[in-house]
Every structure is written in structure tokens, then in C-alpha cells.
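Keep the view open while reading.

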Amino acid sequence: MNFSEFFEYHLNTKHSYFSVRNYPNRLSWENQPMVFKTYDMYEKYELNTDILNHSFLYYIAGLNAKKTYPGVEYYLRMNPSAGALYPNEIYFQSRNNKDIKDGIYHLDIVSMSITLLCSIKDEGIEKDIGIDFQVDGFIFFISSLYYRSSWKYKNRAFRYCLLDGGHILGSMEASCYLYDKSYTILYDFDKESLNKKFGFKNEEFFQSCVIVGEVTSKEVEQINLDIKNVDGTYFFEENELIQNAYTDSLKITQAKKEKSKPSFYYDKDRFKNTIFKRRSIRGFSKQAIKKEEFFKILDILNEPVTSDCDEKLDIYCVINRVKGMPLGLFKTIDYIKKGDFINQAGYLCLEQDLGKDSAVTFFITSKGKNYQALYQKAGLIGHRLYLAANYLGYGCSGIGAYYDDEVCTFIEDNTMVLYALAIGN
């Protein structure tokens with residue numbers, strides 16, 4: 001398909017000054033979806049964080065806080081999510097992992113347990129991702145129940161499903177660092193076939209896979225699954241635009257593999273605490289951060305992401321308050337233009353104070369061709385930003401809504417804007 005067909009969804013879901021005011025979101029509270037999926041008819045094993053492999057799983061997406069308001073109670077997790085709607089689910093295969101039986105599992109977040117969907121021996125899910133040999137370790141799959149997000153964000157929700165999935169990839173990366181594991185992300189596999197194999201209907205779909213383990217020399221047999229379909233939303237409204245966007249963006253073209261591994265130098269005890277206490281900040285105090293800390297963060301963002309389809313992303317930074325640096329728009333290691341763009345940064349982020357009260361406001365963009373891969377990578381980079389900023393004692397907030405075309409005009413680049421984030425005190 002040509003470029004315009006491929007990105008029809010992106011073009012149709014742009015925000016503008018006009019669209020935000022003329023097409024406001026109105027929520028139907030009686031149709032609010034559940035944010036937890038649980039397979040009650042299968043055997044569960046509660047995670048024990050004193051066990052290393054259990055703790056590794058917990059630090060990927062475990063619950064870490066509860067918020068209570070009049071008539072409302074909701075839980076927060078290690079990974080952020082737009083509107084705290086958490087559209088993603090995590091499934092995995094475990095083989096030869098200490099303290100976990102060999103099998104295919106669902107990570108049950110609400111009970112902090114793992115649900116055994118199918119035991120394995122010589123057979124496994126490897127052949128479904130193009131591997132003919134057994135993988136010792138974990139094979140993770142990230143899916144989306146898109147109505148959890150489209151209930152609030154309507155047609156734009158596919159973007160959030162991918163970004164939030166990217167945050168889970170970033171959370172896996174962080175947990176791998178804690179527990180001395182390495183990962184490889186796969187985007188190029190038969191997702192539609194796996195959707196059927198896991199019993200999904202049109203309400204849920206796989207979007208990425210992560211291998212945390214080693215390919216052995218032992219051949220694997222094809223597995224046949226008979227997993228019962230489970231309602232993960234309570235209520236569901238089909239969105240044809242989102243379903244078409246998913247189908248149209250499945251094919252991987254001109255993929256560039258990235259084999260290099262990222263290197264981080266966090267103190268692991270302190271970093272573990274950072275992961276657990278990570279939050280999205282609601283406002284900034286307009287204080288400056290240090291120049292050397294800004295460049296430390298940039299170095300972390302630019303570490304390689306190991307995957308079978310590495311899309312090039314560009315990171316633009318609006319310098320609002322960094323000690324020793326002029327105000328202006330920064331990209332890579334150079335200024336594009338100098339000047340006071342503080343108010344403009346706030347305006348571009350749908351006129352939110354987060355964009356103008358921050359020390360730095362980031363815009364992540366891409367001209368890549370593989371939509372699902374590039375968006376999830378943007379989410380992973382966003383997760384790195386959260387953790388790096390929090391580790392240094394600063395706040396961070398992801399901003400999934402912005403005036404798309406006006407951001408392009410501001411940065412002087414005809415590109416796709418994927419994500420905005422802000423950091424500061």
C-alpha cells in the first residue's frame with residue numbers, strides 16, 4: 001500500500017484547535033469498560049516477590065498504588081496509561097524458568113498472579129513467531145483490548161494502545177536491567193493467527209512480542225491451543241476505523257534490525273525504588289533542571305532498542321528551564337532555533353500548563369513506515385524518560401494529545417508527531 005493509504009488512520013485522528021472545540025469527548029459512564037482481565041476457570045499462582053522470577057514479572061506491570069475518590073476507586077501500575085485505562089494485557093510462555101512451571105500464562109494484574117492457560121513440554125509457541133527451536137526463558141506477548149481506550153478517546157485510541165504497549169516494553173526493559181536479563185522485541189510475526197489461537201474475537205489483538213531468553217538447539221513442536229474467550233471489558237463497542245488501522249498496519253516493510261543492547265548505569269536498589277514509585281506528575285513548579293542532567297537523560301533516551309524492526313525516531317526538546325542553556329528548540333545535539341517558546345509549548349500541548357511550566361517539553365516524531373513498531377518504540381522511549389527523570393528526582397508527564405499539524409509547523413518538519421512528554425520540578 002502507498003504512504004497515504006498506510007497513514008490514513010493517523011491523518012484522520014489529528015487534533016486541531018477546531019476539532020478539540022467542535023468534537024469534544026462525552027463519556028457514557030454506564031458503558032465504562034473494566035480495566036482488568038482474569039481467566040477464573042484456569043489455575044492461578046500468586047506472585048511472591050521474594051522469588052526472583054516472580055519479582056521480575058511483578059516489576060513489569062504490577063500494582064503499586066490505589067487512588068480513592070468519592071464513589072471511585074482505581075489502581076495504578078508500574079507502567080503509565082493514558083487516562084489510567086490500561087488497554088493492554090500481557091501473556092507469556094515460560095520454559096525452564098526456576099519456580100515457574102513450563103506453560104503459557106496470562107499475567108493477572110488484579111490478583112497479582114499468573115494464570116496457567118496451557119502446560120507445555122516439547123511443544124511451544126516458538127513456531128508461531130518464526131522460531132523452529134525451543135526458547136529457554138520467557139516469550140511475552142502484549143495485546144490490546146482497544147475499547148478500554150476508545151470508550152474515552154474514540155478514534156484516536158489506537159495511538160494510545162500502541163503507546164501504552166510501548167510503555168510496557170519499556171517496563172520490561174527496566175525489569176530486565178534489574179534482574180540481569182536481555183530482551184529482543186519482535187513485531188514481524190503472524191499476529192492474526194495468534195489472535196485466533198488465543199481465542200480472541202475482534203475486541204483484542206496482539207501488537208508485539210518480547211523474547212527474554214535463549215534459543216536452544218532442541219527442536220520445538222507446533223502447539224495447538226484451546227483457550228476459552230474471556231470478556232475483558234464488560235461492555236464493547238466496535239470501532240471499524242481502529243480495526244482497519246490495526247489490519248492495515250500489520251505488514252512489516254523494509255525492516256531494519258537492531259542487535260545492539262542498551263547500557264544503563266543506574267544503582268539497582270535506587271532504580272528499583274524509582275520503578276515502584278513512578279508517577280505521572282500533575283503540575284510543575286517552573287524551576288530549572290541542571291544542564292548535565294538534561295544530557296544524561298538524552299543519552300539514556302538514545303540507547304539502542306533491540307528489535308527486529310527498529311524505526312528511526314526524532315526527539316525535539318523545547319528548552320524552557322535548563323541551567324546554562326539558552327531557551328529554544330533543541331534536536332539531537334543542536335539548536336534548531338533559539339528563543340522563548342515557553343507559552344507556545346503549552347499551547348501546542350492542547351493549551352495545558354504541563355507544556356509550559358516544565359523544564360523541558362519533548363516531542364517524539366517519526367517518518368518511518370511501520371506504524372505499530374514506531375509507535376511502540378515511542379512509548380518505550382517515553383518510559384525511559386519517566387524513569388530517568390524520576391531517578392534524578394524530577395517529575396514527568398506523558399501528553400498524548402497535542403495539535404499535530406501545528407507541532408509540525410513549529411518544529412519545521414513535515415512528520416508524524418507520536419508523543420509529547422514534559423519533565424521538571
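A crossing counts as left-handed if the near helix is turned anticlockwise from the far one by less than a right angle, and as right-handed if clockwise. The model discussed here is predicted.

**Helix pair α4 and α9**

- Helix α4 spans residues 52-61, helix α9 spans residues 268-277, and the two pack with their axes 9 Å apart.
- The angle between α4 and α9 is about 50°. That makes α4 oblique to α9.
- The crossing of α4 past α9 is left-handed.
- From α4, the contact draws on Ser55, Tyr58 and Tyr59. From α9, Lys272, Ile275 and Phe276 meet them.
- By class, this contact of α4 with α9 has four nonpolar residues, one polar and one charged.

**Burial of strand β5**

- Strand β5 covers residues 103-108, and six of the six are buried, so β5 is largely enclosed by the rest of the structure.
- Both of its faces are covered. Gly103, Tyr105 and Leu107 are buried on one side. Ile104, His106 and Asp108 are buried on the other.

**Pairing of strand β5**

- With strand β4 (residues 88-95), β5 pairs in the antiparallel sense over four bridges. Here Gln93 stands opposite Ile104 of β5.
- With strand β6 (residues 113-119), β5 also pairs in the antiparallel sense, over six bridges. Here Asp108 stands opposite Ser113 of β6.
- The hairpin of β5 and β6 has four residues between the strands. In this hairpin, Met112 takes a positive phi near 45°.

Definitions and conventions
Residues are numbered from 1 along each chain as its sequence is written. This is a predicted model: local features need pLDDT of at least 70, side-chain atom pairs count only at pLDDT 80 or more; totals for chains, interfaces and linings use all residues. Side-chain values use heavy atoms; hydrogens and water are left out. Axes are lines fitted to C-alpha atoms, for helices over the stretch in contact, and angles run from 0 to 180 degrees between N-to-C directions. Angles under 35 degrees count as roughly parallel, over 145 as roughly antiparallel, 65 to 115 as roughly perpendicular and the rest as oblique. Contact means heavy atoms within 4.5 Å. Ala, Val, Leu, Ile, Met, Phe, Trp, Tyr, Cys and Pro count as nonpolar, Asp, Glu, Lys and Arg as charged, and the others, Gly among them, as polar. Buried means under 20% relative accessible area, exposed over 50%, partly exposed in between (1.4 Å probe, protein chains only). Two strands pair if DSSP finds at least two bridges between them.
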